[in-house]
Amino acid sequence: MIEVRQLSKSFGEVEVLHDINAQFHKGKVNQVIGKSGSGKSVLAKCIVGLLAPTSGEVLYSGESFQQMDKERKKLLRQEIGMLFQSSALFDSLTVLENVMFPLRMFATMSPAEMRERAGSCLKRVRIEGQDQKYPAEISGGMQKRVGIARAIAMQPKYLFVDEPNSGLDPQTSIVIDELIKELTEEFDTTTLVITHDMNSVMGIADHIFFIHSKRLWWQGTRDELLRSDNQELQEFIFAGSLMRQVRQAMGGR
Amino acid sequence: MGLLFHIGRYFMLLGEVFSKPERRSVYWRRTVEEMDLLGVKSLGIVALLSLFMGAVIAIQTKTNIDSPLIPFYVVGFTVRQSTILEFSPTIISLILAGKVGSTIAAEIGSMRVKEQIDALDIMGVNSAGYLILPKIIATAIINPFLIMISMFLSIFGGWLAGVFTGIISSSNYIAGVQWDFDPYIVTYALIKTVVFAVIIATVSGYHGYYTRGGTREVGISSTKAVVYSDVVILIANYLLTQLLLL
Ligand SMILES: Nc1ncnc2c1ncn2[C@@H]1O[C@H](COP(=O)(O)OP(=O)(O)OP(=O)(O)O)[C@@H](O)[C@H]1O
Ligand SMILES: [Mg+2]
């Protein structure tokens with residue numbers, strides 16, 4: 001479980017997140033939603049410690065990240081898998097080498113085992129026959145999926161995925177969503193998915209966190225989301241016509 | 001931001017760079033790749049510059065101090081001394097700072113702006129060490145070879161120019177090159193080269209590592225890397241010359 005306590009983040013004078021309190025549970029898909037620029041990626045980066053929160057703290061299974069020493073942080077990070085919004089694959093390494101990278105750095109396996117593990121991760125994200133290509137030679141959607149494969153290579157206890165669906169077609173999108181759900185249940189991962197794709201929310205979210213005007217504006221389950229009468233939340237989720245039809249079908253307003 | 005800030009942060013970065021590697025084998029493989037990329041690929045430019053440098057020194061020496069009072073061996077001697085003492089270690093290092101330094105800063109800088117350094121950090125990899133240490137070791141190993149090749153080619157270039165323009169005979173030139181040779185000057189040159197190599201790799205690594213922003217800033221970092229490497233090399237050169245030769 002990851003717990004965020006009174007977390008605020010400012011860049012200079014500009015405050016991006018204000019007093020966020022949230023618990024992300026183990027074995028659950030936690031989805032963070034919110035408008036573009038609302039601070040979702042910043043929240044994820046504060047949680048994993050890539051950005052230092054201006055105030056507040058983050059607890060991993062009860063242990064405060066801010067109080068850990070450098071060695072402890074490094075060990076914890078070997079249990080974290082993260083997909084960046086920009087994929088952040090290493091340009092100079094091939095697809096296969098990218099996925100093998102964390103294994104080469106930390107795992108105690110033979111090279112053959114590493115290759116096999118990396119291969120099976122790639123297969124799970126439906127990337128096959130691209131092993132020897134470089135990131136620049138595959139499409140953006142494929143880069144995303146390779147990024148996911150790299151994030152899960154070490155079988156992380158904490159999985160962060162920043163917009164796994166952007167740039168993917170609806171079918172692949174569903175495959176990726178389901179993969180995230182599966183992995184979360186299979187390895188009992190604490191998963192945090194950042195998205196503004198409502199299909200993904202309706203498909204796999206166990207718990208939803210809505211960020212709005214710097215705050216954690218609303219949180220709850222999928223059912224609660226559809227029934228909520230929170231004005232800003234409704235404006236966000238029912239912005240698309242598909243979701244409006246869902247609401248009508250449910251007999252809503 | 002102040003100079004002191006940069007100096008402080010530079011030494012803190014070095015602390016990270018020299019902390020224990022996660023996996024020696026991975027670092028070593030990177031070092032070998034960097035030796036090829038930063039060293040072997042610089043061979044062409046080093047060779048070209050050195051040949052012409054030696055040739056020009058030979059002709060300059062001959063034409064500027066042409067007098068019956070000057071002994072026959074002075075051309076070979078001058079080429080050898082100036083090449084080994086300054087031209088090869090210092091000038092070639094300055095040139096390498098331009099070529100290698102900008103490559104290092106651009107590579108690390110673009111990894112920074114594309115979040116690839118964040119990706120390393122999040123895996124628990126010591127990103128500063130992983131990215132910069134192999135480059136330091138690679139340049140510190142390979143640059144001395146480049147400089148030795150440069151010394152040889154400069155002296156050879158002087159010979160070519162001297163003999164083909166007919167200003168000096170081959171035997172006189174070679175006698176000059178061999179005249180009063182103290183091997184310590186080569187040691188001195190190689191010590192300087194290693195120091196300069198470390199300066200190039202760390203100063204450029206520093207500028208790349210702390211790039212903020214986008215592709216424009218990567219370009220700026222890369223320019224700064226070259227300028228600051230050059231300045232630090234010149235200062236270090238003065239200090240080392242005083243320390244080692246006086
Ligand atoms: N390093 C930074 N320095 C200054 N401001 C930043 C930095 N990173 C993010 N911001 C600001 O923080 C705000 C939130 O950015 P963030 O990337 O978290 O948005 P987001 O919710 O992830 O949006 P999107 O859905 O478009 O990815 C933005 O206004 C952005 O300008
Ligand atoms: Mg984002």
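1. Helix α1 of chain A (residues 40-48) gives the largest share of the shell around ligand 1, three residues. Helices here are DSSP runs of H or I, at least four residues, numbered from the N terminus. The model is predicted: local features need pLDDT of at least 70, side-chain atom pairs count only at pLDDT 80 or more, and totals for chains, interfaces and linings use all residues. Residues are numbered from 1 along each chain as its sequence is written, chains are lettered from A and ligands numbered from 1 in the order written, and side-chain values use heavy atoms, without hydrogens or water.

2. In total, 13 residues surround ligand 1 (a heavy atom within 4 Å). The closest are A:S36, A:G37, A:K40, A:S41 and A:Q85. By class, the shell holds seven polar, three charged and three nonpolar residues.

3. The side chain of A:S41 places an N or O atom 2.7 Å from a ligand oxygen.

4. Which residues touch the most other members of the largest nonpolar core? They are A:F24, A:I47, A:Y60, A:F101, A:F160 and B:Y130, out of 84 residues. Core members are buried (under 20% relative accessible area) and joined through side-chain atoms within 4.5 Å. A second, separate core has 32 residues, including A:V95 and A:L159.

How values were computed
A polar contact is a pair of N or O atoms within 3.5 Å; within protein, one must be able to donate a hydrogen and the other to accept it, and residues adjacent in sequence count only if both atoms are side-chain atoms. Helices (H or I, at least four residues) and strands (E, at least two) are DSSP runs, numbered from the N terminus. Ala, Val, Leu, Ile, Met, Phe, Trp, Tyr, Cys and Pro count as nonpolar, Asp, Glu, Lys and Arg as charged, and the others, Gly among them, as polar. Buried means under 20% relative accessible area, exposed over 50%, partly exposed in between (1.4 Å probe, protein chains only).
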